[in-house]
Amino acid sequence: MFTLLTHCAKLFCFLVIALCALSAPLAHAESVLKVTVKGTSEALASNIQAHLGKTPENDVQRRAFLFNVEDNVTNALQSMGYYHAEVNTQIDNSQQPWQLTLDINPGDPVTIKWVDILFSGEMLEDEAFDSWLDTLTVKPGDRLNHGIYNTIKTQLITLALARGYFDGKFTLSEININRDDKTAKLNLHFDSGERYLFGDVTFEGHELNDNILEALVPFDDGAHYATTPLSALNRNLLDTGYFASIRVLPQVDNLQNQQVPIRVALASKPSHSIEVGLGVDIGNSSESGVDPRVKVTWRTPQINRYGHFQDTTAEWSPDRPKLLTTYTIPLSHPLDDQLKIRVGLLRDKYGVTQVYDEDNLTYSNTGQLEATKYQLAVIRQTRTGGNWLIGYSVEAVREFYNQSDVDYDPVLYLFGWGISRTQRGDNSLDPKSGFRQTYSIEYANPNLGSTIELTRLQAKWKWIDTFFDKHRFVTRLDLGANIVSEQDFDFVPPSLRYFAGGDQSIRGYSYQELGPYIDYINNDGIPARQVVGGRYLAVASAEYQYYVTPTWRVGTFVDAGNAFDRGQFEPVVSVGGGIHWISPIGPIKLDLGVGLKETETVARSWRLHLTMGADL
């Protein structure tokens with residue numbers, strides 16, 4: 001009887017509204033009804049508006065909208081625990097658009113009396129569900145919210161499927177509401193059944209030996225199924241650089257013997273790829289004017305079925321051409337154990353060379369210390385379970401340079417060991433957080449064919465963190481030391497000495513123009529001096545960045561330090577700022593640095609640096 005009367009009342013309201021609509025003037029299609037909600041919180045009003053849906057745009061839609069107002073408002077109130085609300089509906093059709101006013105007294109909400117979550121099946125031995133329970137915040141005394149209840153159910157089902165409980169189901173799922181005492185009891189009973197296991201992994205669309213791909217699978221056949229190892233498999237395949245497309249597909253429609261077969265569909269990258277990078281420094285330091293840089297990288301992602309690959313980098317800037325080729329051979333693991341053969345020809349310029357001008361009683365710039373380097377290196381690189389990258393290397397270096405009008409061409413055979421680790425808060429090209437640390441030692445000895453004995457030590461740290469979504473901090477510290485006798489220092493190639501300056505060092509100064517200098521008389525009998533680099537390096541930087549939009553940020557920084565010798569530390573400081581665009585290919589930065597100190601060889605300077613690339 002009650003149901004029949006309710007439908008009759010709705011029909012009567014509908015007829016009244018229809019008659020009112022016929023007698024009212026036609027309204028503009030874009031706005032025929034304005035809805036106002038009074039007497040509720042902002043959250044409750046938003047929920048009511050969401051249940052009401054889009055406001056009508058014509059008379060037919062308005063009639064349907066008004067016919068369903070009562071049910072929609074009731075559902076909105078009850079979904080947030082208000083079962084005793086009073087709703088007063090008023091319609092004003094004397095103006096256009098019509099005015100619908102909902103004056104609501106929510107009343108006291110229904111609160112949760114108890115929460116009953118019960119598990120059964122093999123999930124009882126799975127710690128992932130204990131961890132999930134620890135994240136739940138719903139508790140007795142909270143206001144009933146159907147949305148939160150449904151979210152809990154969805155989370156539980158999602159977790160069960162992600163952990164391999166494909167037969168899981170709710171044996172009890174209900175909310176018992178006592179309208180008299182305004183309380184509710186939440187009951188969720190879930191039976192997971194048996195947990196499925198990983199089945200066979202098959203790879204399609206590749207030309208590699210099977211053992212190369214099998215080594216990338218981070219789980220054993222018969223291990224408990226979970227989506228996290230599948231994500232790790234996808235990441236391993238991506239990190240190899242072999243593939244343009246990767247799809248890891250669990251065959252949940254083909255479950256057999258409690259096992260889930262895994263099909264991996266692959267598409268190889270093109271045989272060759274070319275990447276081009278650009279950069280420029282503009283300023284008034286010892287190397288005035290514009291210093292453009294062009295970098296071209298040629299990659300062959302897969303040379304043969306054994307997974308060999310190579311990348312060749314050609315870099316050009318005025319008087320600084322570089323050519324470097326690295327050939328990589330996977331050993332026991334394509335990512336965690338590699339042999340690299342590296343061949344390079346590099347020409348570079350360091351510091352500044354000056355001669356004394358007797359007329360002006362000052363030193364004027366005449367050039368820089370120039371060097372040409374030939375190198376051949378063999379590197380064994382392994383990765384540990386803790387993501388530490390360990391390298392063992394043997395490198396042959398011969399370098400030609402002229403220092404103080406004396407020609408040098410030392411030969412060094414460097415035996416090296418290095419360890420590094422990079423931790424990233426995310427895998428984007430612009431990580432919000434991360435930490436990179438690098439340590440290395442190299443040693444050369446005349447008994448092993450080198451011109452001199454040299455021990456070279458380096459340590460580098462870089463830290464990134466973001467606070468309150470928009471405030472990003474980047475700090476770095478670079479330390480270095482060359483242990484070499486006084487008489488042998490001139491035979492240390494410039495590429496192995498320490499200099500400071502440049503966009504990765506002390507901004508505001510030109511690339512590698514800072515460091516200790518020596519005085520000498522040149523071949524023309526004129527007093528001269530030359531920055532020749534130092535035994536030691538200490539450079540630190542702190543930068544604050546603010547995201548104006550998700551893809552644009554501004555920054556300000558302080559760089560300090562220098563290259564130095566014993567008892568000659570002369571710290572140099574630069575300050576500046578810039579604007580960065582987070583492009584689809586990585587951050588592009590335009591930074592202006594201003595040097596605050598004038599040294600014996602470099603006046604106070606400024607440099608404009610345009611760079612591209614991720615911070616980690």
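Biologist: Which exposed residues does the face of α8 turned away from its buried side carry?

Modeller: The model is a predicted one. A residue counts as exposed when its relative accessible area is over 50%. On the face of α8 turned away from the buried side, the residues that qualify are Thr-228 and Leu-238.

Biologist: Within what arc do the buried residues of α8 fall, seen down its axis?

Modeller: The buried residues of α8 are Leu-230, Ala-232, Leu-233, Asn-236, Leu-237 and Thr-240. Seen down the helix axis, they line one face, because they fall within an arc of 160 degrees.

Biologist: Against which elements do the buried residues of α8 pack?

Modeller: Helix α8 covers residues 227–240, and just after it Gly-241 takes a positive phi of about 80 degrees. The packing partners of its buried residues are β7 (197–204), α7 (210–214), β8 (243–250) and β9 (259–268).

Biologist: Is Ser-450 buried or exposed?

Modeller: Ser-450 belongs to the loop between β19 (434–444) and β20 (454–467). Its relative accessible area is 5%, and the limit for a buried residue is under 20%. Ser-450 is therefore buried.

Biologist: Which backbone nitrogen does the side chain of Ser-450 reach?

Modeller: Leaving aside neighbours within four places in sequence, Ser-450 is in contact with several residues, including Val-411, Leu-412 and Ala-444. At 2.8 Å, its side chain reaches the backbone nitrogen of Tyr-413.

Key. Residues are numbered from 1 along each chain as its sequence is written. This is a predicted model: local features need pLDDT of at least 70, side-chain atom pairs count only at pLDDT 80 or more; totals for chains, interfaces and linings use all residues. Side-chain values use heavy atoms; hydrogens and water are left out. Helices (H or I, at least four residues) and strands (E, at least two) are DSSP runs, numbered from the N terminus. Buried means under 20% relative accessible area, exposed over 50%, partly exposed in between (1.4 Å probe, protein chains only). A polar contact is a pair of N or O atoms within 3.5 Å; within protein, one must be able to donate a hydrogen and the other to accept it, and residues adjacent in sequence count only if both atoms are side-chain atoms. Contact means heavy atoms within 4.5 Å. The expected span of a helix is 1.5 Å times one less than its number of residues. The arc is that of the directions from the helix axis to the C-beta atoms.
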